Amino acid sequence: MLSYLIRRVALAVIVLFGLLVATFFIIHLVPGDPVRAVLGGAASPQEIVRVRHQLGLDRPLLDQFGLYLSNTVQGHFGTSFALAAPVGQIIGQRLGPSVALIGYGMLLAVLIGVPLAIVAALRPHGWVDTTIRVLTTVSFAMPAFWLGLMLALIFGLKLGWFPVAGYSGGIGGILRTLTLPALALGLALSAVVMRTLRSSLLEVLQSEYIEAARSRGFRDLRVIGKHALRNSVMNTLTILTVNIGFLIGGTVVIEQVFQIPGLGSLLLESVQKRDYQMIQALALLAGTAVVLASLAADLVQAVLDPRVRLAGR
Amino acid sequence: MSAVDVLAEQPGPAAPVLERRRRFRAIRGLPLEAKIGAGILVVLFLAGLLAPLIAPYGQNQLDLANIFSAPSSTHLFGTDGTGRDVFSRTLYALRLDLAVVLVVTYPPLVVGVLVGALAGYFGGLVDAVIARIVDTMIAFPFMILVIAVIAIVGPGIKGVLIGVPIVAWALYARLARSEMLVLREQQFMLATTALGYSKTRAIFRHAVPNLLRASLIYSTLDMVVNLLLLAGLAYLGLGAQPPNAELGSIIADGQGTLLSAWWVATLPGLIIVLFGIGAGLLGDGISDGQLRGRLQ
């Protein structure tokens, strides 16, 4: 167990280091002079030299990377040019709506995907299964922003059930403002949840202990609910965590559709303002979230499922 | 792993390549859903390819006397706020988007399969290094990475052409590597060593054709993911710049008039959905067929 833990954490650390290297180069790959690009054509040469120095861009590359590394590890992400404020502070202000949106989207994906998977697995290749499969193919094929617009058109503009733009906090506010965005974000994921859970349920249903449960006369639903589903929970959890990156990418577009002031819209503003410090920090944050989520899922799985931690390779 | 990995319901290692004649029979024997999916894709690719010939109007042909006219026989998808024919614009956008999708899907597939095959065959340090690079690439949320690249090179198709392949090869490398680990222990691969074939011959003539199969199945989903990404970026204004239209940018144009002129945003989106359904049916069909083949 301990050696599995150590190996898994070491892997995550290596990947995080890779992320640091990759994001470090964002500002250095900008063709021409990033400082000139940020300040615009009107900046004086002295001004450019001053800003270069302030950013440490006049130092050797390796020094710069060392500085970036030590600053990042200590939680200093530098100062945003465009907004003239610490990057970390601004990200903190915009974090809430995005986290709420991703969490709500995941919740909806589970609430939609799991029941459909169970129904489909009860009668594989029956008409219900086929219908659900076609529906999931369709929902996976829909662009999230387009689905968002359609939801806004029907449930916002025509029926008037939900607002089509803006964000407010608190449970009530989130339910009111984020239901449509979370649905647009989570529907594609629900297709993934449904597909994976269905095939893992079908696999489990063929195992001997399920046959034993069935031969004792337990009904289908009890077999699935009490015996099969328990074995498939980890699978579902893994799907959710490996798709965090997919959801994070989705929030950029969905926040734009519904005018939600989260990190996604912050990223777009930063791209428009060429705020490379901010882009760097946001890319690092997004990558780190993915790495930590998959690490957490693997560790939870190791604790719950002895087959994983004993299977050491 | 990503959303699409899971959707692809990864098949196990494939059986050795079929002979040419059996391959033909395999195509004819494809399940119905695969045929329907392939049909949809062929129609859409042809529509894109022939856009300049079949589009009834130019993509930026203004007609200020006919703004926001609803879909009809003269304007299948209606017109937008400057009287441009949405159907013609959609065809041209489809042409551009599908061309980009092919370019960002298949070259990375080739690179990824080769890298994965080499890593899986040789193992050791090279494999460990490649596997960590792959992990890092996949850890980056795709959308964020491409946007970061666009922030560097500026808005336009160029960002997509650079940003997507940076990550896309890694998914195929992971898939090919895990297949290769199983494949290299199989009899026919062990035989290549026993027969004294060179490693090059063993890898390229005997292993890679078998690895390609899973990657090609996966690529049907990858195309959907890339088209969705492309549409999303165009919607955000980070894709092709005017006068060129992309499916996503036409949808964005229609957002403001969703209630009064629903067709501008809705109908191009349906074309994207249609492509996804076609690719999904094809992918499902061929992976099902493969599973059946193995059971026989």
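Two residues are in contact if their C-beta atoms, placed from the backbone, lie within 7 Å. With that in mind, welcome to this structure, which is a predicted model.

**Helix H7 of chain B**

Among the buried residues are B:Phe142, B:Met143 and B:Ile152. The length of H7(B) also fits expectation: at 1.5 Å a residue, its 12 residues should span 16 Å, and the end C-alpha atoms are 17 Å apart, which agrees.

**Where the helix ends**

H7(B) covers residues 142-153, and B:Val153 belongs to it. Is B:Val153 buried or partly exposed? B:Val153 is partly exposed, because 16 other C-beta atoms lie within 10 Å, whereas a buried residue needs 20 or more. Leaving aside neighbours within four places in sequence, B:Val153 is in contact with B:Lys158, B:Gly159 and B:Ile162. From B:Val153 to B:Leu49 the C-alpha to C-alpha distance is 28 Å, and 104 residues separate the two in sequence. After H7(B) comes B:Gly154, with a positive phi near 95°.

**Where the two chains meet**

Now for the meeting of the chains: 44 residues of chain A are in contact with 41 residues of chain B. On chain A, the helices that each supply at least two residues of the touching side include H1 (2-28), H8 (170-205) and H13 (276-304). The largest share of that side, 7 residues, comes from H11(A). By class, the touching side of chain A has 34 nonpolar, 9 polar and 1 charged residues.

**A helix pair within chain B**

Two packed helices are described by the angle between their axes and the distance between the axes. Helix H5 (residues 86-122) and helix H10 (residues 199-235) of chain B pack at an angle of about 145°, with axes 8 Å apart. The crossing of H5(B) and H10(B) is right-handed. Residues that meet here include B:Val104 and B:Leu109 in H5(B), and B:Leu211 and B:Met223 in H10(B).

The table sets out the residue classes in the two contacts described above.

| Side of chain A that touches chain B | 34 residues | 9 residues | 1 residue |

Notes:
Residues are numbered from 1 along each chain as its sequence is written. Chains are lettered from A and ligands numbered from 1 in the order in which they are written. This is a predicted model: local features need pLDDT of at least 70, side-chain atom pairs count only at pLDDT 80 or more; totals for chains, interfaces and linings use all residues. Helices (H or I, at least four residues) and strands (E, at least two) are DSSP runs, numbered from the N terminus. A residue is buried if 20 or more other C-beta atoms lie within 10 Å of its own, exposed if 12 or fewer, and partly exposed in between; C-beta atoms are placed from the backbone. Ala, Val, Leu, Ile, Met, Phe, Trp, Tyr, Cys and Pro count as nonpolar, Asp, Glu, Lys and Arg as charged, and the others, Gly among them, as polar. Axes are lines fitted to C-alpha atoms, for helices over the stretch in contact, and angles run from 0 to 180 degrees between N-to-C directions. A crossing is left-handed if the near helix is turned anticlockwise from the far one by less than a right angle, and right-handed if clockwise. The expected span of a helix is 1.5 Å times one less than its number of residues.
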